[in-house]
Amino acid sequence: LPIYPGGIGLSEKMYTSLPQLLTRARDHVAKCRCEAGCPSCIGAQSIDAQSKLDALLLMKKLLGLFGQV
């Protein structure tokens with residue numbers, strides 16, 4: 001059921017696809033050859049040596065909310 005009457009259901013589709021999207025994003029970032037994050041993997045040139053690791057940790061935690069790791 002849509003939350004807002006008249007919606008086209010994109011939010012519901014996104015929510016049900018989120019674990020798959022997060023898994024694919026995590027795999028993409030993990031396979032990137034850069035050390036700290038780059039426009040190809042995390043979407044920005046990293047100014048912090050931890051940016052890539054932070055992105056991977058965030059995706060791991062979000063996947064945990066869906067019972068996946």
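A44 sits in the loop that links helix 1 to helix 2, where helices are DSSP runs of H or I with at least four residues, numbered from the N terminus. The model is a predicted one, in which local features need pLDDT of at least 70 and side-chain atom pairs count only at pLDDT 80 or more, while totals for chains, interfaces and linings use all residues. Residues are numbered from 1 along each chain as its sequence is written, and side-chain values use heavy atoms, with hydrogens and water left out. A44 is partly exposed because its relative accessibility is 39%, given that buried means under 20% relative accessible area, exposed over 50%, and partly exposed in between (1.4 Å probe, protein chains only). Beyond residues up to four places away in sequence, A44 touches G37, C38 and P39; contact here requires heavy atoms within 4.5 Å.

Helix 2 covers residues 51-65 and includes S51. With a relative accessible area of 19%, S51 is classed as buried. Apart from neighbours within four places in sequence, S51 has contacts with A36, I42 and S46.

K52 is buried but lacks a salt bridge, defined as a side-chain nitrogen of Lys or Arg within 4 Å of a carboxyl oxygen of Asp or Glu. The nearest side chain of opposite charge belongs to E35, 9.2 Å away; for charge, Lys and Arg count as positive and Asp and Glu as negative, whereas His and the chain ends are not counted. The side chain of K52 instead reaches two backbone oxygens, that of C32 at 2.7 Å and that of V29 at 3.4 Å.

Helix 1 spans residues 10-31 and contains L22, a residue that is buried at 10% relative accessibility. Although 40 residues separate L22 and L62 in sequence, their C-alpha atoms lie 7.9 Å apart in space. L22 is in contact with M59, L62, L63 and F66, leaving aside neighbours within four places in sequence.

Note on methods:
Helices (H or I, at least four residues) and strands (E, at least two) are DSSP runs, numbered from the N terminus. A polar contact is a pair of N or O atoms within 3.5 Å; within protein, one must be able to donate a hydrogen and the other to accept it, and residues adjacent in sequence count only if both atoms are side-chain atoms.
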